[in-house]
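Here's a quick briefing to read with the model open beside you. Take a look at the structure first, then work through the notes below.

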Amino acid sequence: MKMSDLSPDSLALAASTFAALGSEQRLGVLQTLVRAGPEGLSIGELGQRSGVTGSTLTHHMKILAQAGLVTQTRQGRSIICAAVAYDRVRALSEYLLSQCCADCATPSKDHDHG
């Protein structure tokens, strides 16, 4: 996914992804999954580690999955949740910084956005 162009489509995609991250609990769930690595966590373990359980966790996982940030796969009797969109999160940061200082008369030399 490339969001470096500032087309209306990329703006809408960025906005919907940021909206999915716009909840403290959802951001915490995603952070917990990122910390767990590519193997992910069972839904029960994710609930314990994130402090979000039951239908609330199910709701947040649905939103994160629709945004393409996480996956849920059945393994036997367990549901394994994993963060999958490391590139997408990086692209969101690059999207925000792609136009940094574009309208400044003199670009700042005091910061670097990598």
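At 58% relative accessibility, Arg74 counts as exposed, where exposed means over 50% relative accessible area, buried means under 20%, and partly exposed is in between (1.4 Å probe, protein chains only). Keep in mind that this is a predicted model, in which local features need pLDDT of at least 70, side-chain atom pairs count only at pLDDT 80 or more, and totals for chains, interfaces and linings use all residues. Residues are numbered from 1 along each chain as its sequence is written, and side-chain values use heavy atoms, with hydrogens and water left out.

**Arg74 and its strand**
- Arg74 sits in strand β2, residues 70–75; helices (H or I, at least four residues) and strands (E, at least two) are DSSP runs, numbered from the N terminus.
- Ser42 is 32 residues from Arg74 along the chain, and their C-alpha atoms are separated by 9.4 Å.

**Helix α1**
- Helix α1 (residues 8–20) has 13 residues that should span 18 Å at 1.5 Å a residue, and its end C-alpha atoms are 18 Å apart, so the two agree; the expected span is 1.5 Å times one less than the number of residues.
- Its buried residues are Ser10, Ala14, Thr17 and Ala20.
- Those buried residues line one face of α1, because they fall within an arc of 120° seen down the helix axis; the arc is that of the directions from the axis to the C-beta atoms.
- They pack against α2 (24–36), α4 (54–66) and α5 (86–97), with contact meaning heavy atoms within 4.5 Å.

**Helix α4**
- From first C-alpha to last, the 13 residues of α4 reach 19 Å, close to the 18 Å expected at 1.5 Å a residue.
- Leu57, His60, Met61 and Leu64 are the ones buried in α4.
- Because these fall within an arc of 100° seen down the axis of α4, they line one face of the helix.
- Just after α4, Gly68 takes a positive phi of about 80°.

**Arg26, a buried charge**
- Arg26 belongs to helix α2.
- Arg26 is buried yet has no salt bridge, meaning a side-chain nitrogen of Lys or Arg within 4 Å of a carboxyl oxygen of Asp or Glu.
- The nearest side chain of opposite charge to Arg26 is Glu24, 11 Å away; Lys and Arg count as positive and Asp and Glu as negative, while His and the chain ends are not counted.
- Leaving out residues up to four places away in sequence, Arg26 touches Ala19, Ala20, His59, His60, Ile63 and Leu64.
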